[in-house]
Structures are given as C-alpha cells and as structure tokens.
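Visitor: I would like to learn how to read a few features of a structure, with the general idea given before each case.

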Amino acid sequence: MTKTKLALQPYLEIIAGLPDVNLPGMLDLGGTQQRIREHPALTPLLQTYLADRALGGQGGSSADGTFDATLFIKWVLALSNQAPAIGDCVATGELSAAPLLDSWCAIVEDAVPLLVGRVSGHPHLREGARVRTSPVMNLRPSQGWARSCNRFYRLGLYDPSFLKTLQKDGRLSASAKLLRADQRS
C-alpha cells in the first residue's frame with residue numbers, strides 16, 4: 001500500500017472560506033455563528049466544542065447554545081495546527097501512546113473530513129475495530145500521524161480500498177469518497 005504524501009489541514013481551508021470571520025473591531029451579531037452552525041463540516045465540530053466547553057467549564061458557550069464564534073475559530077485553528085510534542089521530555093509519550101490506525105484512508109462523508117481504518121491501542125475501542133474518527137484536523141502521513149478533533153493517531157499502512165470495504169458492509173454511506181485520493185506517492 002502507499003501513503004498519501006502531503007499534509008492536509010481541511011479546517012484551515014474551511015475557516016478561511018467563511019466570509020467576514022474574525023475581523024478586528026467588528027461586532028458579530030450572530031452572522032458568523034449562523035454560518036458556522038449551517039456549514040455541514042463545522043456542525044460536528046461545533047457540537048464537540050460546545051460539549052468540551054460545558055464539561056471543562058472553560059467558557060465560550062452558554063446554556064442557550066450561543067457561543068463566542070471567535071473562541072470557536074481559535075479552537076479549530078489550534079487543533080488544526082497542533083502537532084505531537086515529539087522530542088519534548090515532558091510529552092514524549094504523546095505520540096507513542098496514541099492509538100494506531102492501520103488500513104487507513106482519509107475520506108469525506110457528508111462534507112466532514114475523517115479517517116477510517118482498523119484501530120489498536122485505543123482506550124475505549126476493541127483491538128482491530130473498524131472505525132471512523134472524529135473530524136480530522138491535521139493529517140501528516142509522511143510523518144506517520146494524524147490529529148482528529150479528539151486525539152492523535154499513529155498511522156500504519158494506507159489502504160484506500162478500505163473505503164469500499166466499509167461501504168459494502170453498510171458502515172459508510174455510498175456518497176463517502178476519498179479525500180484528496182490523488183495525493184499518493
């Protein structure tokens with residue numbers, strides 16, 4: 001199998017494509033919030049963000065479901081640019097302790113970029129489980145890792161045929177497709 005060769009940070013492109021986002025000195029009367037809520041790829045991230053804020057008590061959202069769009073965008077940007085702390089004595093284990101995703105490929109399903117594959121070493125899933133990750137924020141196959149919305153993954157063998165396997169088994173919709181499938185080495 002081959003590995004994709006270019007890094008991929010799909011949410012950087014999505015955020016950049018939102019009109020009038022985060023303009024200094026502008027009062028957002030909900031327009032940015034509405035665009036975020038209506039964007040099919042941002043909706044699952046927003047749900048995770050709001051749950052994370054509610055559980056962590058870090059602010060940024062309120063009980064009525066409103067949220068600070070600027071804080072949300074900063075959160076998305078931070079996740080999209082986060083890399084494992086390789087070589088840092090304090091966090092050396094961050095990537096080595098990450099679950100391994102084998103027979104993986106990057107896909108888009110319902111406008112949401114994700115990874116699918118077989119996972120091992122995941123704290124909540126059985127060994128060899130066929131999974132789809134939370135939205136993928138940063139994909140670095142040449143460096144052997146990916147960052148989903150929830151965690152880092154180590155990347156094993158790239159297998160674009162795994163998409164068809166999951167579709168055939170009914171685990172993915174027929175509309176799911178490879179993400180940048182042409183970027184293989």
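Visitor: Is Gln9 buried or exposed?

Guide: Buried means under 20% relative accessible area, exposed over 50%, and partly exposed in between, with a 1.4 Å probe and protein chains only; Gln9, at 18%, is buried. This is a predicted model, in which local features need pLDDT of at least 70, side-chain atom pairs count only at pLDDT 80 or more, and totals for chains, interfaces and linings use all residues. Residues are numbered from 1 along each chain as its sequence is written, and side-chain values use heavy atoms, with hydrogens and water left out.

Visitor: Which residues does Gln9 touch, not counting residues up to four places away in sequence?

Guide: Contact means heavy atoms within 4.5 Å, and Gln9 touches Ser80, Asn81, Met137, Asn138 and Arg140. A polar atom of the Gln9 side chain lies 2.7 Å from the backbone oxygen of Ser80.

Visitor: Which residues of H4 are buried?

Guide: Helices are DSSP runs (H or I, at least four residues), numbered from the N terminus; in H4 the buried residues are Ala69, Phe72, Ile73, Trp75, Val76, Leu79 and Ser80. Seen down the axis of H4, they fall within an arc of 155°, taken from the directions from the helix axis to the C-beta atoms, so they line one face of the helix.

Visitor: How many aromatic pairs does the structure hold?

Guide: Rings of Phe, Tyr and Trp (its six-membered ring) pair if their centres lie within 6.5 Å, and planes under 30 degrees apart count as stacked, over 60 as edge-to-face and the rest as tilted; the structure holds five such pairs. Trp145 and Phe152 form an edge-to-face pair, 5.7 Å centre to centre with 65° between the planes, and both residues are buried.

Methods
Helices (H or I, at least four residues) and strands (E, at least two) are DSSP runs, numbered from the N terminus. A polar contact is a pair of N or O atoms within 3.5 Å; within protein, one must be able to donate a hydrogen and the other to accept it, and residues adjacent in sequence count only if both atoms are side-chain atoms.
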